[in-house]
Amino acid sequence: STGGGVKWLLIGAVVGALMRVAVLVTGLLMGTSIEADLSVPGTWFVVLATIPLAYFEELGWRRFALDRLLKSRAPFETSLLLGVPWSVIHLVILLPGMMSVGAPAIPQSIVLICLGIFLTWAYIRSGGSVLTVTLLHGVQNGLVVLNRGLAIADATWLMMWVYLALAAGLVIAERKVFFARPSGSWIQTGR
């Protein structure tokens with residue numbers, strides 16, 4: 001389902017982009033060697049290729065699993081219940097020969113749990129739009145190009161602290177969404 005309309009599709013894409021921009025700005029303010037290099041060959045292919053990949057993940061994690069968990073648990077709890085196994089599965093990308101080899105496992109996992117909090121929020125607020133969470137997830141992944149120039153370990157730690165702060169701010173700002181009582185049919189209740 002597209003749900004949420006064009007407004008939420010745009011919100012999903014913009015939130016995904018702003019998460020990476022926040023890492024870039026924080027890195028620049030801290031005086032790191034982070035840089036946004038959009039001129040590297042293949043950059044736009046990476047940005048666009050991540051969106052269909054994110055779609056298949058979101059069909060399983062949000063459309064299937066999140067939908068079911070929200071019937072009996074509060075959204076914040078479901079974010080954590082899905083975020084932990086989602087982050088563990090992603091540890092495979094830290095293995096030799098994979099794209100995130102050299103990234104420390106704990107901050108990498110925390111980044112994914114925080115991203116899961118944003119995805120839960122976007123899914124609920126958009127009325128269950130898989131396309132909204134796909135754009136948030138895919139744009140956020142694809143814009144890794146904004147965070148070049150740092151060693152992977154340094155980039156992962158920086159991302160963890162920025163995403164933790166962003167997720168904490170989102171949970172506080174949207175506490176009525178995150179701590180709403182489960183209702184058995186969350187889409188029909190209007191939250």
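A salt bridge is a side-chain nitrogen of Lys or Arg within 4 Å of a carboxyl oxygen of Asp or Glu. The model is predicted, so local features need pLDDT of at least 70 and side-chain atom pairs count only at pLDDT 80 or more, while totals for chains, interfaces and linings use all residues. Residues are numbered from 1 along each chain as its sequence is written, and side-chain values use heavy atoms, with hydrogens and water left out.

**Exercise 1.** Determine how far apart the closest N and O atoms of Arg73 and Glu77 are, and classify the accessibility of Arg73 and of Glu77.

*Solution.* 
1. The closest N and O atoms are 2.9 Å apart, and Arg73 forms a salt bridge with Glu77.

**Exercise 2.** Describe the salt bridge between Arg125 and Glu174, and state whether Glu174 is buried or exposed.

*Solution.* 
1. In this salt bridge, the closest N and O atoms are 3.0 Å apart.
2. The pair links distant parts of the chain, 49 residues apart: Arg125 lies in helix α4, and Glu174 in the loop between α6 and α7 (175–178). Helices are DSSP runs (H or I, at least four residues), numbered from the N terminus.
3. Arg125 is partly exposed because its relative accessibility is 40%.
4. Glu174 is buried because its relative accessible area is 18%.

Definitions and conventions:
Buried < 20%, exposed > 50% of the residue type's maximum accessible area, 1.4 Å probe, protein only. Helix = DSSP H or I, 4+ residues; strand = E, 2+ residues; numbered from the N terminus.
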